[in-house]
Amino acid sequence: MNEIIKAMEERRSVRKFKPEMPSKEALEQIIEAGLYAASGKGQQAAIVVAVTNKELRDKFSELNRKIGGWDEGFDPFYGAPVILIALGRKDQFTHVYDGSLVMGNLMLAAHSLGLGSIWIHRAKEEFELPECQQLLKDLGVEGEWEGIGHCAVGYMDCEPPKAAPRKEGRVFWVE
């Protein structure tokens with residue numbers, strides 16, 4: 001079977017990570033794969049904020065927990081040591097789709113390198129907050145950006161999840 005299709009069929013969301021940090025080389029490969037995602041009009045109007053600093057990662061976790069309405073102490077990133085945040089430039093009308101394609105590539109690349117990942121929502125709400133907008137400014141990111149998703153990445157601390165059977169009746173041919 002084709003390796004890309006195999007990865008698409010095997011990759012699953014992971015909800016338990018080890019605290020060990022993946023190598024910078026692996027993270028760079030994952031991010032580069034994300035940046036090669038298709039984009040509307042070839043504008044490449046999505047960026048990735050790579051959070052490996054534990055203190056900042058934990059701040060994002062707490063913000064995400066509050067937005068999600070979970071009890072104190074819950075980690076919506078399931079212990080993953082790395083959070084790759086995809087954002088789309090708001091002036092590009094395809095920014096949500098572009099950022100979503102980046103997210104898909106990030107997760108597939110992580111899987112291909114033996115790492116687990118999961119897409120976590122609420123990045124949109126986070127990057128509407130002044131502190132997250134300030135983070136972008138501090139990083140030298142100009143313009144208006146919308147958070148698309150968090151790709152939590154790390155070594156799995158569980159058995160690889162198995163795919164659920166695919167639902168029938170989801171393809172309609174017009175020949």
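A: Let us begin with one residue: in this predicted model, Ile5 lies in helix H1, which covers residues 3-10.

Q: How many disulfides does the structure hold?

A: A disulfide requires two cysteine sulfur atoms within 2.5 Å. The structure holds zero disulfides. For Cys132, the closest cysteine sulfur is that of Cys151, at 18 Å, which is too far for a bond. The sulfur of Cys158 also has its closest cysteine sulfur in Cys151, at 15 Å, again too far. As for accessibility, Cys132 is buried at 3%, whereas Cys158 is partly exposed at 31%.

Q: How many helices and strands are there, and what pattern do they follow?

A: The protein chain has six helices and four strands. Along the sequence, their pattern is α-α-β-α-β-α-β-α-α-β.

Q: What radius of gyration does the protein chain have, and what would a compact globule have?

A: A compact globule of 175 residues would have a radius of gyration near 16 Å; the protein chain has 17 Å, which agrees. The C-alpha trace spans about 50 × 40 × 35 Å along its principal axes. Of the 175 residues, 39% are buried.

Q: What share of the contacts joins residues at least 24 apart?

A: Among contacts between residues at least 6 apart in sequence, the share is 83%.

Key:
Residues are numbered from 1 along each chain as its sequence is written. This is a predicted model: local features need pLDDT of at least 70, side-chain atom pairs count only at pLDDT 80 or more; totals for chains, interfaces and linings use all residues. Side-chain values use heavy atoms; hydrogens and water are left out. Helices (H or I, at least four residues) and strands (E, at least two) are DSSP runs, numbered from the N terminus. Buried means under 20% relative accessible area, exposed over 50%, partly exposed in between (1.4 Å probe, protein chains only). The radius of gyration is taken over C-alpha atoms; the globule rule is 2.2 Å times the number of residues to the power 0.38. Contact means heavy atoms within 4.5 Å.
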